[in-house]
Amino acid sequence: MTFLLWIKSDAGKERFVLEATGLEAAYGKQKVLHGLSLRIAAGRLTALVGPNGCGKSTFLRAIMGFVPLTAGQVTLDGKPLPRDRRALARRIAYLPQEAHCPDYLTLGELVELAGFARYATFAGPTERDRELFRSALRTVGLIDLAHRPVNSLSGGQRQRAWIAMVLAQDAEIILMDEPVNHLDMKYQYATLGLVQRLTREHGKTVVAVLHDLNLTAAFADEVAMLADGRLVAHGPVEHTVTESNIARVFDLGADVITHAGRRICMPHLKIPA
Ligand SMILES: Nc1ncnc2c1ncn2[C@@H]1O[C@H](COP(=O)(O)OP(=O)(O)OP(=O)(O)O)[C@@H](O)[C@H]1O
């Protein structure tokens, strides 16, 4: 009996794969993160939302070690993050808000770069890697454009190319900074649907910066709301995407209704005097 109870309680226990504790970071004299603490649940899609300039990108960059911390720490499975970039890339894939690549690089070559952390020294991609690249391109609907230079693609196609690169990296944790920027409505839903499947069917952990609260409510398991470099609310959609939080975080009046089981936010339209 005790044994069965033990199994049950352990199975219900949440695993926090990434933990940020008391993060402080600054650009020169401008302090941007003010003691931000956030635990990221494994196998979930956590949406990071908040007003422009509140520190969402800085938080992701701080996790990747691109922004030095003046206080606090980030742990991965309870241990400090690997210092070695290849070791880090095997665990965490990161898609920045604005990604750039050299003019000559084709889409196929871009996606191949994603495997670098897995290749043995002086070795190229294996057949499994190549299948992963093709599958990533098929997933984002760009397999027929693999020969095209990335910089010849439209804004939305390019965004999907970067998403394919992140998928091809095959890391267990994926950090995405505004992944559905530039995408038309179909690909916004398709991309976040895909991200949701990655978490539910493949156990990936995803943290995505999103601006659209309706997309957030449709796809996120957890929502972390930031304001002024601090965590203001964190939890499932029904506890976070609320009229009072929208007012508090975005300084915006809105009605939040439930339609066909989904939360929908309708900001109040103010007619300028
Ligand atoms: N490289 C940088 N050098 C100096 N200041 C920066 C730099 N990057 C960001 N900042 C500043 O830090 C603050 C937080 O920026 P950050 O990009 O983290 O915000 P964000 O929440 O991601 O915003 P957005 O929603 O507009 O993308 C902003 O005031 C921004 O101007």
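How many bridges join strand β1 to strand β4? Six bridges do so, and the two strands, residues 16-27 and residues 69-76, run antiparallel.

This is a predicted model, in which local features need pLDDT of at least 70, side-chain atom pairs count only at pLDDT 80 or more, and totals for chains, interfaces and linings use all residues. Residues are numbered from 1 along each chain as its sequence is written.

**View 1. An open sheet of four strands.** The strand order is β2-β1-β4-β5, with antiparallel pairing. At the edges are β2 (30-41) and β5 (79-80), each of which pairs on one side only. Ala-25 has Leu-69, in β4, as its bridge partner. Strands (E, at least two residues) and helices (H or I, at least four) are DSSP runs numbered from the N terminus; two strands pair if DSSP finds at least two bridges between them.

**View 2. The residues around the ligand.** Helix α2 (residues 56-64) gives the largest share of the shell, three residues. The shell divides into three nonpolar, six polar and one charged. Here Ala, Val, Leu, Ile, Met, Phe, Trp, Tyr, Cys and Pro count as nonpolar, Asp, Glu, Lys and Arg as charged, and the others, Gly among them, as polar.

**View 3. Arg-263 in strand β12.** The strand spans residues 262-267. Arg-263 counts as partly exposed because it has 18 C-beta neighbours inside 10 Å; 20 or more would be buried, and 12 or fewer exposed, with C-beta atoms placed from the backbone. The C-alpha atoms of Arg-263 and Ala-217 are separated by 5.8 Å, although the residues are 46 apart along the chain.

Note on methods: A residue is near a molecule or strand if its C-beta atom, placed from the backbone, lies within 6 Å of it.
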